[in-house]
Amino acid sequence: MSLFDETALFHGQQRQQLCLGAFVLRGFAFADAPALCEAVNRVTVQAPFRYMVTPGGFCMSVAMTNCGNYGWVSDSAGYRYDSVDPHTGQPWPAMPGIFIDLAQNAAAAAGFEKFVPDVCLINRYDPGTRLSMHQDKDEHDREAPIVSISLGIPAVFLWGGLQRQDKHIRIPLFHGDVVIWGGPARFRYHGVLPIKEECHTLTGKHRINLTFRKVEK
Ligand code: MD3
Ligand code: FE
């Protein structure tokens, strides 16, 4: 077997069901990762990464930006989806074609046909940064799944239940992994453990996570 075959096997696509409605597609975005990272860089020229402020007045440790018809924003007034980037006063950059195609193909591979996201939230984790346990409930279309793509430094994802105090399991997420969260999985608590200090050829010291959402019903 050639080196190429082993690489293909190692990053070979594999579908695991985490629970009803949630699927991991290992390596699904691996081949497209360089183009995805370039697209992220183009988006952030227009809409730079920023540390948003929580309604409680704390600065978030994960840097964020968005592209698409809406973007997720947080400030002293609360969390919401807004068609305007508060940092620039302009609409968010359009979603790159490669984002839409990949999100749609991944959703279809998990049984969610015709997924058309209207938001891509882009999270950037610096070394040591974590995301505390939370639910995502700001999206009005509650039938649509959320598709997430992991790029760069790996992470340990925490997957809980419908109650904050429910016990959680740990799921490693690597560069190129795609996860689809739909159906009953959609409203479970989840979080990310602190990212290790490492270096990745495409993202440097960062982990980048793209989440595709459908906000408008
Ligand atoms: C399960 N992001 O942006 S992606 C978030 O790695 C968020 O940046 C994490 O949680 C990250 O809100 C996790 C996986 C994910 C995203 C949204 C979900 C899992 C989810 C919504 C519902 C259930
Ligand atoms: Fe979330």
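Strands, as the word is used on this tour, are DSSP runs of E with at least two residues, numbered from the N terminus. With that in mind, and remembering that the model is predicted, begin by selecting ligand 1, which sits in the largest pocket.

Next, display the shell of 19 residues around ligand 1, among which Tyr125, Asp136, Arg186, His190 and Arg207 come nearest. Sorted by class, this shell holds 9 nonpolar, 6 polar and 4 charged residues. To see where the shell comes from, colour β6 (119-125), β7 (131-134), β8 (146-152), β9 (155-159), β12 (190-192) and β13 (207-213), each of which supplies at least two of its residues. Of the contributors, β13 gives the most to the shell around ligand 1, with 4 residues.

In aspartate 136, a side-chain N or O atom is 2.9 Å from an oxygen atom of ligand 1; in arginine 213, the corresponding distance to a ligand oxygen atom is 3.0 Å; and in histidine 134, a polar side-chain atom lies 3.2 Å from an oxygen atom of ligand 1.

Select tryptophan 159 and tryptophan 181, a tilted pair with 4.6 Å from centre to centre and 50° between the planes. This pair links distant parts of the chain, since tryptophan 159 belongs to strand β9 and tryptophan 181 to strand β11 (residues 178-181), 22 residues apart.

Methods. Residues are numbered from 1 along each chain as its sequence is written. Chains are lettered from A and ligands numbered from 1 in the order in which they are written. This is a predicted model: local features need pLDDT of at least 70, side-chain atom pairs count only at pLDDT 80 or more; totals for chains, interfaces and linings use all residues. Side-chain values use heavy atoms; hydrogens and water are left out. A residue is near a molecule or strand if one of its heavy atoms lies within 4 Å of it. A polar contact is a pair of N or O atoms within 3.5 Å; within protein, one must be able to donate a hydrogen and the other to accept it, and residues adjacent in sequence count only if both atoms are side-chain atoms. On a 1 Å grid over the protein atoms alone, a cavity is a set of points where a 1.4 Å probe fits but cannot get out, and a pocket is an open set with protein on both sides within 12 Å along at least five of seven lines; lining residues have an atom within 4 Å of a point. A molecule sits in a cavity or pocket if more than half of its atoms lie within 2 Å of its grid points. Ala, Val, Leu, Ile, Met, Phe, Trp, Tyr, Cys and Pro count as nonpolar, Asp, Glu, Lys and Arg as charged, and the others, Gly among them, as polar. Rings of Phe, Tyr and Trp (its six-membered ring) pair if their centres lie within 6.5 Å; planes under 30 degrees apart count as stacked, over 60 as edge-to-face and the rest as tilted.
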